[in-house]
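User: I want to go through this model and check the labels one by one. Ask for the value, then the cut-off, then the conclusion.
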Amino acid sequence: MIFFKYNLFAAFVVVTGVQFFSKLYAQPELGTCEKPCAEKAVAQIEKWNKAWRAKNYQEMRRYADLMMNFDRNCPHVLYLYGETAVRGGRMREAEAAWMRLLELCPDYKADVLFYAGVVLIENGQPSKGVELLKKYIQHPDREPQFDREARSILNSLDMERRLRENPVDFHPKPLEDICTAADEYLATISPDGSWCFFTRRGKEIDRKSGPVPVERVVEKFSYARRLPDGKFERGQPLPSPFNQKYNEGGPSITADNRELYFTICELLPSGYQNCDIYISTYSNDRWSEPQSVGELINRPDSWESQPSVTANGDWLYFASNRKGGQGGLDLYRCYRLPDGRWSAPENLGPTVNTSKDEKSPYIHSDGVTLYFSSNGHGGIGGHDIFYTQLDLQTQKWSAPQNIGYPINTEADEVGLFVSLDGTKGYISTDKIKGKGGWDVFYFELPKSARPNFTRLITGRLTDENGQSPGNVQVKIKKVQSAQETTVRIDTVTGDFAVALQTQQNEDLLLVAEKAGTAFTSRYIVAEDLNASQESVIKQQTIEVKKLKRGEEYRLHDINFETNSYALDKRAVRILEEFYEFLKTNKSIHIEIQGHTDNVGTREDNLVLSNNRAKVVYEYLLNKGISPSRMSYKGFGPDKPIASNQTEQGRALNRRTVFVIKDF
């Protein structure tokens, strides 16, 4: 039997929050039919109406039963009896009454086609129900709201059929290191894969409860580190200031592992469970006291929860039931303002949000692929998981796609998150056999549901003394497309991390800039990264040195073939940035120097190093840098900075540098 998501009984009995059945709460209007009715049956209709106005269901049923006793073939009786039966949850009786009505009087009232179609589907007869709904949407007297809902139901059933007929591979496995006999849920893994945050619920002995210790079920907001072998620790509760007095969970963390967003729920004296979004920042080896993300997001009269922050910390997504949305729970997002605060939230709009519930957003590290749960887009049943992508140019979301069956089932699926490389999905559930109760499972994500290719670049900036250089502007530039992304720096530690949606074969160039410092860059070769199959690019410590007269500064990644002084594409791209540096810093005068190792004769190396320095000089000269600001010279093997006895040392000695003559 197909599970039908549109529960007609609930639609009748739940008055608030229901839109497409709102017409059913007006006084029922009888249809027309030439078939005569017994007078005793007709006499009960006004009594039924009076009971309806008084919202007295027992009296409605009594008069409906009387009408049926007096005349079982009266169209008006069958119509009202069916409505009474639905309100009482007696769907089989409603089906029998309305189907008999359509048999006796097919044109009694267009809406009966809709009611009967829905009831048939509820009762496990989808083919007959679909037939009636198709007739309804062709009927000239159909109601606009019912027409929309009928089409939605038909689309939903068609979607369910297609999903079941085309199942995706789904072989979930428990996250062995973290899952225990206790419950683990509301989990996320940091973009770089080094941390897992989750909630663990289990039994603990409360030794403060009195002379006889009491066993209680407690929830702990927890974390686990990934070990060098790739496995996670078992995990433990987060230390103070967490797990003090509030119910905390539902985490999301930025790529630099510094900003942790999560939900705090508090039971107010009124009995209302208020949930808001908070942030805690990691610095000096500890987490800060949680702070509200601001009154523009957190409201006293609405529920804000399930935050998901982009890897670079520039957008924050969440679920809320605030007024003014599409209906039920909606998804919202806001962006980070220059002063660090968050903007006023914007509703994601009717493409994503429906009149029902959308929740559990997860924005992937690519910044544009959003996964969420919804019971308003059709599917298998309950809340299904969907995904959509944001077009950065139009700022419009694509039509949400169901992630597939059997990932989605008749139950509720919520809380999906996805690995940085897009190959693995993670979900918490108690419907799959694991270690016990709720567990976190991972599985291969269907290729159709995978995000854009994304790399995560991490590193640390230091000055000459190994300390943080402070406020440095770092940009990552895509070599082929010339797009650039500004990187946030931890000014205390000099650490940085940035996620980039990029082509798999696209090289990247990192440039660090600060007034009074020398040109600093690193070239990242996609071919090398693809060979290692790593999505996380861990840069070594990068020195940002102050300008000093007579100081030597290396032009990193300008390399030459053996016995060659031709500039390759990589060297040209670096020199383009070096040209911009010289153009901005007009007072700097430099000498470009070429150096070699000691392999070969000194005379040959002197010529080679001089030619290599000259080709750099000529490139900058042709770009427009005045010859009065530059000179060049080759030193061959005469000025080594490392031992020539090892290949590593020789590689360091083969370098192109610039020396500050004046600034």
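User: What does phenylalanine 318 touch, leaving out residues up to four places away in sequence?

Analyst: This is a predicted model. In it, phenylalanine 318 touches Ile277, Ile297, Glu304, Ser305, Gln306, Pro307, Asp330, Leu331, Tyr332, Cys334, Pro345 and Pro361. The residue sits in strand β12, residues 315-320.

User: Why is phenylalanine 318 called buried?

Analyst: Its relative accessible area is 0%. Buried means under 20%. The value meets the cut-off, so phenylalanine 318 is buried.

User: Why is glycine 349 called buried?

Analyst: Glycine 349 has a relative accessible area of 13%. The cut-off is under 20%, so glycine 349 counts as buried.

User: Where is glycine 349, and how far is it from tryptophan 397?

Analyst: Glycine 349 lies in the loop between β14 (346-347) and β15 (358-363). C-alpha to C-alpha, glycine 349 and tryptophan 397 are 8.7 Å apart. In sequence, 48 residues separate them.

User: Which residues of helix α7 are buried, and why are they said to line one face?

Analyst: Helix α7 covers residues 126-136, and Gly129, Val130, Leu132, Leu133 and Tyr136 are buried there. Seen down the axis of α7, the buried residues fall within an arc of 165 degrees, so they line one face of the helix. These buried residues pack against α5 (91-104), α6 (110-122) and α8 (144-165).

User: How do you know how the chain compares with a compact globule?

Analyst: By radius of gyration. A compact globule of 663 residues would have one near 26 Å, but the chain has 34 Å. Along its principal axes, the C-alpha trace spans about 120 × 70 × 40 Å.

User: What share of the chain is buried, and what is the surface made of?

Analyst: Of the 663 residues, 50% count as buried. The accessible surface comes to about 31,900 Å², and 47% of that belongs to carbon and sulfur atoms.

User: What share of the contacts joins residues 24 or more positions apart?

Analyst: Such pairs make up 58% of the contacts with a separation of 6 or more. In secondary structure, the chain comes to 12 helices and 33 strands.

User: How far apart are the mean positions of the positive and negative charges?

Analyst: They are 1 Å apart, for 85 positive and 88 negative charges.

Technical notes: Residues are numbered from 1 along each chain as its sequence is written. This is a predicted model: local features need pLDDT of at least 70, side-chain atom pairs count only at pLDDT 80 or more; totals for chains, interfaces and linings use all residues. Side-chain values use heavy atoms; hydrogens and water are left out. Helices (H or I, at least four residues) and strands (E, at least two) are DSSP runs, numbered from the N terminus. The radius of gyration is taken over C-alpha atoms; the globule rule is 2.2 Å times the number of residues to the power 0.38. Buried means under 20% relative accessible area, exposed over 50%, partly exposed in between (1.4 Å probe, protein chains only). Contact means heavy atoms within 4.5 Å. Accessible areas come from the Shrake-Rupley method with a 1.4 Å probe; for residues, only the protein chains shown count as cover. Lys and Arg count as positive and Asp and Glu as negative; His and the chain ends are not counted. The place of a charge is taken as NZ of Lys, CZ of Arg, CG of Asp or CD of Glu. The arc is that of the directions from the helix axis to the C-beta atoms.
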